[in-house]
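Biologist: Could you take me through the helix packing and the strand pairing here? I would like to begin with the helices.

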Amino acid sequence: MTEPLLIDRTDAVVTLTFNRPTAMNALDTPLKEALRDALTELESDRSCRAVVLAGAGGSFSAGQDLREHVRTLATTEGNPLETVGTHYNPITARLAGLPKPVVAAVRGMAAGAGASLAFLADIRIGGPSTNFLMAFAKVGLAADTGASWTLPRLVGHAKAVELLMLAEPVRATEAHQLGLLNRLVATDEEVLPAAQELAARLAAGPTVAYGAIKRQLSIADAGTLADALAAEAQAQAICGTTADHRSATMAFVAKQQPVFEGR
């Protein structure tokens, strides 16, 4: 049986690849469960210092597997979208809270929950065929997988409303201009190598500080200045005791390049 999620480890970088290329990497239950469980393990895996999200074949992910969902609608008497609480919300929380950098290699289509997963990454890299589609309203649904939280932060409230309600595709160039993509490479073949190269660079950095930066920004986005200052004080108290901070400070004074160990 083909594994729905491929897990590749190269040094301190772990690449998670959605592996349903004939279904445009649509998210069925085995894939969602595999992703949820992998993220849970990586959260406490100190040997992993950066994560890459990718899709096999020519697509990132078409979102929820609607063929599977049709069967659910036909057989479920209660909440047919129970997968939101069972799968998507835990995946979202774990991906957003992962205390290490996440880079999304967005090649081809990223639709619905697939797009939402890409938006949860810290940095997104795309190519000429990359396009995003907030497809939820096309099937009579509201946003999920954190899109109601990530989209306004990426593109602003007004644009988020437009993308979610009109459900029109956003092509690569516009996605880059809007901030849905951080970087746009020249060819689709370069997307994954570029993402892995960037992840390797981040994996060689101060992992504890990166995790603290992610927590700071999530608090500051929704909080007051006082909340942000408290988060900064807490973060610096943690980072200030790390071996990375001490060795990097000594290296700076000695005019040497620092070597970070992620601790």
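**Helix packing and strand pairing**

Modeller: Helices H3 and H4 are roughly parallel to each other. Please note that this is a predicted model.

Biologist: At what angle do H3 and H4 pack, and how far apart are their axes?

Modeller: Helix H3, residues 83-96, packs against helix H4, residues 113-120, at an angle of about 20°, and the axes are 9 Å apart. Angles under 35 degrees count as roughly parallel, and H3 and H4 are therefore described that way.

Biologist: Is the crossing of H3 and H4 left-handed or right-handed?

Modeller: The crossing of H3 past H4 is right-handed.

Biologist: Which residues make the contact?

Modeller: H3 contributes Tyr88, Ile91, Thr92, Leu95 and Ala96, while H4 contributes Ala113, Leu117 and Leu120. By type, the contact of H3 with H4 has seven nonpolar residues, one polar residue and no charged ones.

Biologist: What does H4 lie across?

Modeller: H4 lies across strands S5 and S7, and runs at about 100° to S5.

Biologist: How are S5 and S7 arranged in their sheet?

Modeller: They belong to an open sheet of three strands, in the order S5-S7-S8, with mixed pairing. The edge strands are S5 (109-111) and S8 (170-171), each of which pairs on one side only. S5 pairs with S7, residues 131-133, in the parallel sense over three bridges, and Ala110 is opposite Phe132 of S7.

Biologist: Changing topic to S4: is that strand mostly covered or exposed?

Modeller: Strand S4, residues 102-106, is mostly covered, with five of its five residues buried.

Biologist: Which way do the residues of S4 point?

Modeller: Val102, Ala104 and Val106 point one way, Val103 and Ala105 point the other way, and all are buried. In a regular strand, side chains alternate between the two faces of the sheet.

Biologist: Which strands are joined to S4, then?

Modeller: Strand S3, residues 50-55, is joined to S4 by three bridges, and the two run parallel. Val102 of S4 is the bridge partner of Val51. S4 is also joined to strand S6, residues 123-126, by four bridges, again in parallel. Along S6, Ile123 is opposite Val103 and Gly126 is opposite Val106.

How values were computed:
Residues numbered from 1 in each chain as written. Predicted model: local features only at pLDDT ≥ 70, side-chain atom pairs only at ≥ 80, totals over all residues. Heavy atoms only, no water. Axes fitted to C-alpha atoms, helices over the stretch in contact; angles between N-to-C directions. Parallel < 35°, antiparallel > 145°, perpendicular 65-115°, else oblique. Left-handed = near helix turned anticlockwise from the far one by under 90°. Contact = heavy atoms within 4.5 Å. Nonpolar A, V, L, I, M, F, W, Y, C, P; charged D, E, K, R; others polar. Buried < 20%, exposed > 50% of the residue type's maximum accessible area, 1.4 Å probe, protein only. Pairing = 2+ DSSP bridges.
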